[in-house]
Amino acid sequence: MTWHTLGPSAGFPEGVLKTAAAPGIRAGLVVVRDQGVLRALRNECPHAGKPLDAGEVKNGCITCPWHAYRFNLKNGMNVDDTDEMPAKVYAVRETDGLAEVELP
Ligand code: FES
C-alpha cells in the first residue's frame, strides 16, 4: 500500500464532487468531503460500471446518476440493495494541508 497525493486539502470543499487520477485505477477516483471528512471511491459504479462523479451526495451517501443506487461513502455499501456489490472505497488522510489516498 502506498499513499498518493490528491492535492491541497483546501481544494476539496464540503460537498463538492471532484475527480482524481490514481495510478493503477483506470476509472480514477471520485473524491468528496462529507461532514468534514474527505472520502474517496473508485469512479465506477459497481452496478453497471458507470461513473459516479455526476452523482449527488446526501446523508453520507453518493447516489449514482444512472440507476439511483445509493452507496455509503464510508464503506461503499449499497444501502438500497445490500445484495449488490459495494462501491470500492479508499482510505484518505490529511496531513499538513495535503490530502492523500491509500492505494494498493
Ligand atoms: S450504474 Fe450505478 S446504479 Fe446502475
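**Strand arrangement and core of the predicted model**

Along the sequence, the chain follows the pattern β-β-β-β-β-β-β-β-β-β. The radius of gyration of the chain is 13 Å, close to the 13 Å that the globule rule gives for 104 residues, so the chain is as compact as a globular protein of that length. The model is a predicted one, and the chain contains ten strands and zero helices. Taken along the principal axes, the C-alpha atoms fill a box of roughly 40 × 25 × 20 Å. Of the 104 residues, 30% count as buried. Among contacts between residues at least 6 apart in sequence, 38% join residues at least 24 apart.

An open sheet is formed by three strands in the order β1-β10-β9, with antiparallel pairing. Its edge strands, β1 (2-8) and β9 (92-95), each pair on one side only. From one strand to the next, the twist averages 30°. The pairing of β1 with β10 (residues 98-103) is antiparallel and extends over six bridges. Within this pairing, T5 stands opposite E100 of β10.

Strands β3 and β4 are likewise considered as a pair. They run antiparallel and are joined over six bridges, and they form a hairpin with two residues between them. In the turn, Q35 has a positive phi of about 55°. V31 has A40 of β4 as its bridge partner. Strand β4 is also joined to β8 (residues 89-90), by two bridges in the antiparallel sense. In that pairing, A40 has Y90 of β8 as its bridge partner.

The largest nonpolar core has 22 residues. Those with the most contacts inside this core are L29, V30, V31, L41, L52 and I62. At least two core residues are supplied by each of β3 (25-34), β4 (37-42), β6 (61-63) and β10. The largest share, four residues, comes from β3. When residues up to four places away in sequence are not counted, L29 touches T19, A20, A22, A40, L41, R42, N43, Y90 and V101.

Key. Residues are numbered from 1 along each chain as its sequence is written. This is a predicted model: local features need pLDDT of at least 70, side-chain atom pairs count only at pLDDT 80 or more; totals for chains, interfaces and linings use all residues. Two strands pair if DSSP finds at least two bridges between them. Axes are lines fitted to C-alpha atoms, for helices over the stretch in contact, and angles run from 0 to 180 degrees between N-to-C directions. The radius of gyration is taken over C-alpha atoms; the globule rule is 2.2 Å times the number of residues to the power 0.38. A residue is buried if 20 or more other C-beta atoms lie within 10 Å of its own, exposed if 12 or fewer, and partly exposed in between; C-beta atoms are placed from the backbone. Two residues are in contact if their C-beta atoms, placed from the backbone, lie within 7 Å. A nonpolar core is a set of buried Ala, Val, Leu, Ile, Met, Phe, Trp, Tyr and Cys residues joined through C-beta atoms within 7 Å.
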